Structure formats: structure tokens, C-alpha cells
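Try each task before you read its solution.

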Amino acid sequence: MDVLALEAKKADGAEPEKKAAPRPKAKPPKKAKRIVYFEVEIVDLKTKEKLLLLDKVSERMTEEAKCLRDEDILQTLPVGTTASFYFSDLGPQLTWGTVFLAECAGPLIIYLMFYFRLPFIYSPKYDFTSSKHWVVHLACMCHSFHYIKRILETLFVHRISHGTMPLRNIFKNCGYYWSTAAWMAYYINHPLYTTPYYGQQQVNTGLYIFLFCQIGNFSIHVALRNLKIPGSKTKKIPYPTKNPFTWIFWLVSCPNYTYEVGSWIGFTVMTQCVPVAFFTLVAFIQMTVWAKGKHRSYLKEFRDYPTLRSSILPFIL
């Protein structure tokens with residue numbers, strides 16, 4: 001076998017050469033993110049007159065309005081690329097702190113006017129006289145304590161938002177609180193007022209309920225204040241603290257309303273006065289509406305919200 005044949009055989013029996021690994025394909029250039037612009041139309045709510053047309057509004061644009069939260073952005077709203085917003089002039093505004101102070105100061109002053117029996121309220125012979133019943137004086141102290149407490153809480157405890165209320169609404173709010181305070185005060189301080197049917201025992205029972213719930217209400221307000229960090233909008237689930245009055249948080253979402261209603265129930269028992277009972281019933285209905293709304297908000301915002309809690313009354317409501 002010649003050399004050429006031998007080399008040919010070696011060539012035939014040799015292992016095939018390994019192919020080079022294919023080069024990775026170059027990634028296509030990233031497409032620029034598509035920017036979506038909105039066209040926003042501002043319309044007067046009453047006249048339907050077009051006030052303004054905003055062209056090429058960014059999808060991250062927010063709207064500050066009563067119907068929209070400040071943090072809402074156009075991208076998350078249920079609208080297309082063309083949106084219509086309705087503008088309503090709410091007129092002069094007042095801060096919530098001012099509203100709360102007006103709502104509380106009025107009943108405090110009005111009740112004292114009836115308690116001291118100023119002229120033109122009762123018969124002239126009773127002007128500037130005092131009641132002969134101890135429960136009347138006790139009721140005045142409790143009523144005054146309640147509203148002084150609310151004023152001090154507004155000034156030093158509550159973290160009030162920067163939201164405002166239309167000036168015209170304060171007449172409605174204050175009108176209700178002031179008129180009901182006058183109605184209660186008229187009968188409790190009336191010269192013909194009769195003491196509760198079960199005497200001192202009933203008065204003491206009502207007083208204990210009132211004081212217990214007032215302390216509980218204050219404890220809840222302090223706990224809610226400590227839950228909020230100044231300047232932060234982050235919301236947290238309220239839980240009981242070391243204070244026993246806050247342990248009701250295990251069962252109720254809005255115990256501040258629970259204690260508030262309890263205070264007025266105690267005041268009703270103590271005075272045995274029909275106007276007070278009526279005010280307590282209306283207050284309970286209104287606070288139940290507020291509590292159920294707050295409870296729904298908690299359930300919507302927090303997936304791990306305690307399921308055992310009720311809105312205002314444990315296991316009932």
C-alpha cells in the first residue's frame with residue numbers, strides 16, 4: 001500500500017471535525033415605549049358649557065376634585081383617550097377643623113344658656129335661677145365635658161386632613177347640632193323637669209356608662225392618631241394596644257362610634273329625657289352609615305383585614 005493510499009484510509013477513518021457553535025442572533029433593538037396622550041374636556045356641571053379643552057395630557061396626570069381622589073391618574077380611570085370632566089364651583093370653602101370647632105362650640109354655649117336660664121327662655125320668674133334637682137347640674141357637667149373634650153381633641157389629638165367643606169354646608173351641620181342641643185337643654189333645665197323614675201340608682205348607672213364610654217372614645221382617638229405618620233398617606237389596619245379600652249378593635253372596625261353612641265345612651269338613661277333619646281337614635285343611625293362605609297373601605301384596601309370584625313356593634317352590625 002503506498003503512502004497516498006494509507007493517508008487516504010486514515011483520512012476516511014478519522015473523526016469528523018467539530019462544527020463551530022453558531023453565533024447568537026443579535027437582539028432586535030427595543031421599541032420605544034408608546035406614549036399615550038389624553039384629550040380632556042372640562043365642562044360646567046350645571047350649564048354643561050365647555051370651559052376648557054386640554055390637548056395632549058399625560059397619562060400620569062392627576063386631577064384634584066371632589067369626585068376623584070388626588071392620587072388618581074388618567075391611565076387607571078375608566079375612560080378612553082378622550083375624557084370629559086365636569087367642573088362644579090362649590091363656592092367658598094372652610095377647613096374641616098373649623099367645621100368641627102363650630103359644631104362643638106355651638107351646643108356647648110347653647111346648653112349653658114338654658115342651664116343658667118337666661119331671660120326670654122322660660123317664665124321671667126325663673127330668670128337666672130338654678131334647678132333644685134342634682135341630676136340637672138350633673139347633666140350640665142356631663143354635656144359640657146363631652147363638647148369640651150371634642151374641642152380639645154380637634155385641636156390637639158385628631159390629624160385632620162387638608163380637605164375642605166363648602167361654606168354653605170356648615171349651616172346645615174351646625175343647624176342640626178345646635179338645634180338638638182337647644183331641644184335637649186330646654187327640657188332638662190325646664191323648671192317642671194322631673195327626675196328619672198328609678199331615682200339615684202338610675203342616674204348613677206347612666207353616669208357610669210357615660211364616663212366609661214367617654215374614656216373609651218378618647219382612647220380610640222389617641223390610638224388612631226398614633227397609627228398615622230404625619231405627612232404620610234399610607235393607611236394601616238388599626239389593632240388593639242395595651243390600653244384595655246382599645247381591645248374592642250378585635251370585634252369592631254369603628255369603636256370610636258361605638259363608644260360615642262354608648263355615651264349618649266348613658267346620658268339618656270341619666271336624664272330620662274325624650275329629646276335626648278331621639279338624638280341618640282338619630283346619631284346611632286348616622287354613625288352606623290359612617291361605620292359601614294369605613295368597614296367596606298378597610299375590606300377593599302386590606303386583603304388580610306380581620307374577618308371577625310363588625311362595623312359598629314360586635315357580631316350584630
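**Exercise 1. The whole protein**

What does the accessible surface of the protein come to, and what percentage of it belongs to carbon and sulfur atoms?

Solution. Keep in mind that this is a predicted model. The accessible surface is about 21300 Å². Carbon and sulfur atoms account for 63% of that surface. Next, turn to burial: 37% of the 317 residues are buried. Then count the elements: the protein has seven helices and five strands. Their order along the sequence is α-β-β-β-β-α-α-β-α-α-α-α. Last, take contacts between residues at least 6 apart in sequence: 69% of them join residues at least 24 apart.

**Exercise 2. The annotated spans**

Which residues does the UniProt annotation "transmembrane region" cover?

Solution. The unreviewed UniProt entry gives residues 94-116, 205-224 and 265-290 for this annotation. Check the span 94-116 in the model: the chain there is 87% helix and 9% strand. Its end C-alpha atoms are 32 Å apart. Now check residues 205-224: this span is 100% helix and 0% strand. Here the end C-alpha atoms lie 29 Å apart.

**Exercise 3. Helix α6**

Solution. After α6 comes Q272, with a positive phi near 50 degrees.

Is T271 buried or exposed? T271 has 0% relative accessibility, so it counts as buried. Leave out residues up to four places away in sequence, and T271 touches A139, I188, Y193, P196 and V276.

**Exercise 4. The nonpolar cores**

How many residues does the largest nonpolar core have, and which have the most contacts inside it?

Solution. The core has 29 residues. Y111, C142, I188, F267 and M270 have the most contacts inside it. Now trace the elements: α2, α3, α4, α5, α6 and α7 each give two or more residues to this core. The largest share, eight residues, comes from α3. Domain 1 (93-193) and domain 2 (196-316) each supply at least three residues. Zoom in on C142: beyond its neighbours within four places in sequence, C142 contacts L207, F210, F267 and M270. Another core, of seven residues, lies apart from the largest one and includes C213, I220, F249 and Y259.

Methods
Residues are numbered from 1 along each chain as its sequence is written. This is a predicted model: local features need pLDDT of at least 70, side-chain atom pairs count only at pLDDT 80 or more; totals for chains, interfaces and linings use all residues. Side-chain values use heavy atoms; hydrogens and water are left out. UniProt positions are given in the numbering used here, feature names are shortened, and annotations may be inferred rather than shown by experiment. Helices (H or I, at least four residues) and strands (E, at least two) are DSSP runs, numbered from the N terminus. Buried means under 20% relative accessible area, exposed over 50%, partly exposed in between (1.4 Å probe, protein chains only). Contact means heavy atoms within 4.5 Å. Accessible areas come from the Shrake-Rupley method with a 1.4 Å probe; for residues, only the protein chains shown count as cover. A nonpolar core is a set of buried Ala, Val, Leu, Ile, Met, Phe, Trp, Tyr and Cys residues joined through side-chain atoms within 4.5 Å. Domain bounds come from an automatic or database domain assignment.
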